[in-house]
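Biologist: Could you walk me through this one? I would like to start with the annotated positions and then move on to the helices.

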Amino acid sequence: MDLLNTLVDKGLRRELPTREEALAVLATSDDDVLDVVAAAGKVRRHWFGRRVKLNYLVNLKSGLCPEDCSYCSQRLGSKADILKYTWIKPDEASKAAAAGLAGGAKRVCLVASGRGPTDRDVDRVSDTIKAIKDQNEDVEVCACLGLLSDGQAERLRAAGADAYNHNLNTSEGTYGDITTTHTYADRVDTVQKAHAAGLSACSGLIAGMGETDEDLVDVVFSLRALDPDSVPVNFLIPMEGTPLSQEWNLTPQRCLRILAMVRFVCPDAEVRIAGGREVHLRTMQPLALNLANSIFLGDYLTSEGQAGHADLEMIADAGFEVEGTDQVTLPEHRATVGGGCGSHESAGCGSHAGGGCGSHEDGGVCGTATPESASASASASASASASASALSEPRTDLVSVRRRGAGTDLAPNA
Ligand code: SF4
């Protein structure tokens, strides 16, 4: 297929595909999905070999958020029966992080629900970062605390944070349909603040909220322009008790096409499969390792992932290897001298994006949305997406609320 040959050539050169090419990837048929995976896999292996980076989420503060991100079980008015707790102590967070690191993770993602941290919250998280790094010298720490005020990114960096996550989540044009309490511009601003402070920017998206193919291409092109080092791709987990609980719009094949498109547009970024991996890719998860070079180990923020040992077995069975702490994740042109996570301080690669809060839902970072309007537009765009592949049957049997790990007395899944 000429399209795929062109995209592979561009990916190896870090050349931006055209919008039409990105849209064409999303429009390929299920019959062609293996060809698409094989092509994007060449780009993935060129930049990241067969390494899979494992990340581990620690939910420092769960639920009770004043924001209204429609996809999020921690949102204002959520009826989801999730764990709700305020800030856990640094030693408790360190204990949870240690379980993930023992399981093979090299990055710990410290996430807290809420619009953004107060200066006191930054102090708390700084203490937590110190507690984790005192015990684990080589760990990468990413903070995901929502919208940042002036100076907070610098303070987190000084406290030892390596990265900051804040997702764009969806296109600028539809952002207001999923969240009303903050704006797309707020999110971009936080990603830029993190970037300017020398933190490695992590920013991604959530697919499956009823967006069109054009929306997906818009947000991924916006991410490429912001140039984050890592791009988490969440697949919406339609949690009961949230406005988007009926949005089961994804098939495994569609998830693979989305990941392939992200890989072609952001060829040398760490593409991470985040929330929804087990729910939507299901038995196709191993194929997705040919596209993404990073996953979360264990549970998500408010829902359970598959058992940690099953992740490790899947990686080995698929012919990949877990990335060690002695290996640098990012290609040389992106990696920070002496660092492992690839902050842009010394990179000069020219890809900067902004993420931000949007990884507070499962698998990602804090995001924001609600409305009935979201459901309406979601239904309309779901129809558009459905033209390329049949809608997925609801698999509520695969969605379990997290009941262990941080904020509980039970051992975490790692
Ligand atoms: S995504 Fe973050 S800001 Fe949005 S409702 Fe959830 S916890 Fe709050």
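Biologist: Where is cysteine 69 found?

Modeller: Cysteine 69 is found in the loop between strand 1 and helix 4, where helices (H or I, at least four residues) and strands (E, at least two) are DSSP runs, numbered from the N terminus. This is a predicted model, in which local features need pLDDT of at least 70 and side-chain atom pairs count only at pLDDT 80 or more, while totals for chains, interfaces and linings use all residues. Residues are numbered from 1 along each chain as its sequence is written.

Biologist: And which residues does UniProt list under "binding site"?

Modeller: The unreviewed UniProt entry places that feature at Cys65, Cys69 and Cys72; UniProt positions are given in the numbering used here, feature names are shortened, and annotations may be inferred rather than shown by experiment.

Biologist: Is cysteine 65 buried or exposed?

Modeller: Cysteine 65 is buried, because 26 other C-beta atoms lie within 10 Å; a residue is buried if 20 or more other C-beta atoms lie within 10 Å of its own, exposed if 12 or fewer, and partly exposed in between, with C-beta atoms placed from the backbone. Cysteine 69 is buried as well, with 31 other C-beta atoms within 10 Å.

Biologist: What is cysteine 65 in contact with, leaving aside neighbours within four places in sequence?

Modeller: With that exclusion, cysteine 65 is in contact with Gln74, Arg75, Leu76, Ser113 and Gly114, contact meaning that the C-beta atoms of two residues, placed from the backbone, lie within 7 Å.

Biologist: Changing topic, which residues of helix 13 are buried?

Modeller: In helix 13, residues 308-317, the buried ones are Gly308, Asp311 and Ile315. They lie on the same side of helix 13 because they cover an arc of only 60° around the axis, the arc being that of the directions from the helix axis to the C-beta atoms.

Biologist: What covers them, and which exposed residues are on the face turned away?

Modeller: The cover includes strand 1, strand 9 (294-296) and strand 10 (321-322), whereas the face turned away from the buried side carries the exposed residues Glu313, Ala316 and Asp317.

Biologist: Last one: what is phi at asparagine 169, and where is that residue found?

Modeller: Phi of asparagine 169 is near 75°, a positive value in a residue other than glycine, and asparagine 169 is found in the loop between strand 4 (163-165) and helix 7 (175-178). Most residues other than glycine have a negative phi. Asparagine 169 is buried, with 34 other C-beta atoms within 10 Å.
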